[in-house]
Amino acid sequence: MADITITTRKNGLQKFFSQLGNRWAIIFLFLEIILFSIISPGFFSVKGAQVILINSPFILFLSLAETFVIISGGIDLSVGFVMGFSSVVSAKLIVAFVGLGMNDLLSIIVGIVITLCIGIIPGLVNGILVARLKVPPFIATFSMIGITHGISELLIKGSYIRNLPPIAGRIGNGSLINIVPGKTVSFFISPTIQRGDQLIEILPTVFVIPFIFILFFAFILKSTKFGQHTYAIGGNVDAAIRAGINVKTHLIKIYMLSSFFSTVAGIMYVFRYVTGKADAGAMFLLDGIIAVVIGGASLYGGIGSVWKTLIGCFIILVMENGLRMLGVPTFYKLIVIGIILIFAVLIDQLSPELIHREE
Amino acid sequence: MDTNKNSILSLSQSLLSILARNWALLFVLVLILIFSFTGINFFSYKNFQNIFHLSTIYLLLASSETFVIITGGIDLSVGFVMGLSSVLSATIMRELHAANFTPALSISIGSIVGLIVCIIPGLINGVLITKYRVPPFISTLGMGGIASGITLVMCEGFPVTFLPPYLTGIGNGYLIYILPGKAISFFNRPEGIAVEELRNLIRIIPNSLMFNFIIIFILWHILKNTKFGQHTYAIGGSMDAAVRAGINTNKHLIIIYTLSSFLAGLAGVFNVFQTGIGNFTPFTAMYELIAIAAVIIGGASLMGGKGRIFGSIIGVILLRIIENGLHLSGVDPFFRFIAVGLILIVAVVIDQLFPDLL
């Protein structure tokens with residue numbers, strides 16, 4: 001009798017610890033928000049939240065790309081420079097179309113569509129290298145860094161692209177709902193305002209678009225065959241092959257998907273900053289991978305989810321923004337995120353052990 | 001008859017295997033040949049000395065990465081540890097110099113402290129990877145971020161300047177100086193030569209080359225001829241087998257990551273000697289990725305158990321010769337990014353196509 005009660009109590013404790021291990025990321029995120037709300041005035045406000053959301057799109061897209069690749073057991077180092085590449089290509093195309101005398105909006109749409117088609121080529125090459133030629137993902141995608149970086153620098157000759165139509169900036173810096181009280185209400189595109197007008201912005205467009213993608217692809221990863229196969233390949237490739245999954249084709253699709261997300265991120269960059277830059281995404285590559293890992297994915301594959309990645313992203317974004325509002329130099333962010341990263345994996349390593357040992 | 005055929009077959013096979021094994025070296029020779037025609041002043045002892053001299057930090061980082069990759073791990077922190085040691089030792093040198101210490105004393109104290117402190121990140125990496133089973137990728141990535149942050153906090157985002165004199169004299173000096181028909185001297189320029197004569201001064205063997213040669217020779221010896229090296233290969237080949245063979249794998253891996261960090265620190269300190277300032281590593285520098293690429297081109301496998309110091313050196317030289325040769329041939333510098341990417345893919349595809357030959 002006594003034995004049973006002890007084991008149940010132990011089980012309860014274990015359950016608590018494993019729950020803590022599983023959910024530490026979200027708990028940590030809440031603690032972080034509470035901490036910054038207390039010590040940093042103005043952090044916990046609509047404006048503070050908007051700033052975080054405005055800075056979010058690139059890390060959201062790149063980490064979404066990494067989520068799929070990392071769950072399949074690979075890694076994609078090229079996302080940052082594919083993003084830069086696509087920002088250059090789309091900006092250049094839009095400028096060219098406008099130069100041909102096309103309507104601003106039309107040239108933007110055509111430019112985006114063509115860029116999306118070009119942008120998945122690096123992913124296709126990565127996928128073929130990884131799946132068919134058995135090149136380790138680390139090396140294949142690292143080579144792609146060199147190639148995409150080189151091509152995009154050649155396209156812009158080491159400078160950046162100017163003369164984009166101003167409407168691009170109005171889309172990129174607009175919000176889902178823009179209200180000028182008593183005058184106009186507009187959606188997506190920020191209205192032209194006179195001096196003295198007050199502009200109320202609800203949900204920045206640059207957050208709405210990635211969020212739609214996240215909703216859609218969270219569904220894909222969780223509830224479709226495609227997502228299940230991704231987990232299966234990451235969990236055990238041999239078993240996946242025996243289960244009749246066409247692993248090679250699937251991996252090629254995953255790397256193309258990753259490139260697709262990076263391309264969308266690059267296009268977002270063009271709208272946000274009204275320019276195209278070859279190294280636009282260089283800073284976000286590591287953040288993207290780190291967000292996925294903090295969210296609890298395993299680099300050995302098979303574990304992870306889009307929602308957990310989202311939490312990982314916001315841990316980084318809140319930290320970044322909170323420190324900035326406190327006036328702490330950005331350098332400290334690197335230290336803090338490095339420590340969080342290591343602790344994230346330590347907790348993941350320790351929590352299953354708690355269960356194993358008792359068994 | 002049959003044996004004859006077999007021997008021819010095996011001969012051709014072994015020839016092919018030698019070719020595949022040393023394709024990087026062959027490629028370097030081919031490139032040298034091509035660039036000798038296209039590049040202005042490419043084929044001259046001055047330029048080759050230059051290539052080696054400017055490769056110093058990459059050579060050190062690649063050899064540190066070689067050890068780690070042979071064990072089946074990866075070290076993404078080396079670039080930032082290099083920046084850390086560079087800034088730390090430069091800051092100490094500056095402070096001591098400002099406090100009226102002699103240049104020799106402040107330089108040596110700065111270098112030694114820089115080297116010792118840079119062991120710490122590697123030690124932490126090793127402990128995290130072995131005792132707590134954190135994947136090397138994550139542990140070293142996090143450590144890279146931490147090292148980079150500490151570096152930037154220390155130097156506030158600017159290179160450290162106002163260092164003691166003689167630094168660049170040592171780092172950029174040569175072993176032998178010859179003024180034809182007049183003077184010969186070692187380590188220092190001949191005394192009292194006119195400015196016009198400087199042009200004719202022949203400088204042979206940069207100090208950095210000797211420094212590299214000594215370090216690389218020691219590392220080569222350790223990896224090839226000692227028990228430590230054999231254990232490194234054993235761990236990379238099969239962790240389980242290594243444990244069963246009685247190797248203390250945890251201790252060994254900790255030493256490997258510490259060594260890697262130490263070599264990165266050495267590269268950082270040498271960088272101070274070469275440039276005369278304490279450089280931090282920018283977040284987009286990708287030193288570690290270039291070093292890893294060189295190691296892979298040199299024939300190592302990210303799965304572990306394979307790799308040679310000599311191969312990694314060839315890998316570095318290959319990348320540097322492409323850069324230098326394209327530059328001297330007047331090619332747009334951005335083509336070299338593309339070239340590096342393509343060559344890396346070729347390297348690994350060759351590796352995959354002839355797995356049993358190697």
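How many residues of chain A are in contact with chain B, and with how many residues of chain B? I am working from a predicted model, and in it I find 38 residues of chain A in contact with 37 residues of chain B.

I then looked up which elements of chain A supply that side, and those giving two or more residues to it are α6 (137-156), α12 (284-294) and α14 (331-358). The most comes from α6(A), which gives 14 residues to the side that touches chain B. Sorting the residues of this side by class, I noted 29 nonpolar, six polar and three charged.

Next I turned to helix α5 of chain A, residues 104-132, which has 29 residues and reaches 42 Å from its first C-alpha to its last, close to the 42 Å expected at 1.5 Å a residue. After this helix comes A:Lys134, for which I noted a positive phi, near 60°.

I also looked up how α5(A) lies against α6(A), and found the two packing at an angle of about 150°, with their axes 9 Å apart. Angles over 145 degrees count as roughly antiparallel, and α5(A) and α6(A) are therefore roughly antiparallel to each other. The crossing of α5(A) past α6(A) is right-handed.

For the contact itself, I listed A:Pro122, A:Val125, A:Asn126, A:Leu129 and A:Val130 from α5(A), and A:Pro137, A:Ala140, A:Thr141, A:Met144 and A:Thr148 from α6(A). As a reminder on spacing, an α-helix has 3.6 residues a turn, so residues three or four places apart point the same way.

Terms used:
Residues are numbered from 1 along each chain as its sequence is written. Chains are lettered from A and ligands numbered from 1 in the order in which they are written. This is a predicted model: local features need pLDDT of at least 70, side-chain atom pairs count only at pLDDT 80 or more; totals for chains, interfaces and linings use all residues. Helices (H or I, at least four residues) and strands (E, at least two) are DSSP runs, numbered from the N terminus. The expected span of a helix is 1.5 Å times one less than its number of residues. Two residues are in contact if their C-beta atoms, placed from the backbone, lie within 7 Å. Ala, Val, Leu, Ile, Met, Phe, Trp, Tyr, Cys and Pro count as nonpolar, Asp, Glu, Lys and Arg as charged, and the others, Gly among them, as polar. Axes are lines fitted to C-alpha atoms, for helices over the stretch in contact, and angles run from 0 to 180 degrees between N-to-C directions. Angles under 35 degrees count as roughly parallel, over 145 as roughly antiparallel, 65 to 115 as roughly perpendicular and the rest as oblique. A crossing is left-handed if the near helix is turned anticlockwise from the far one by less than a right angle, and right-handed if clockwise.
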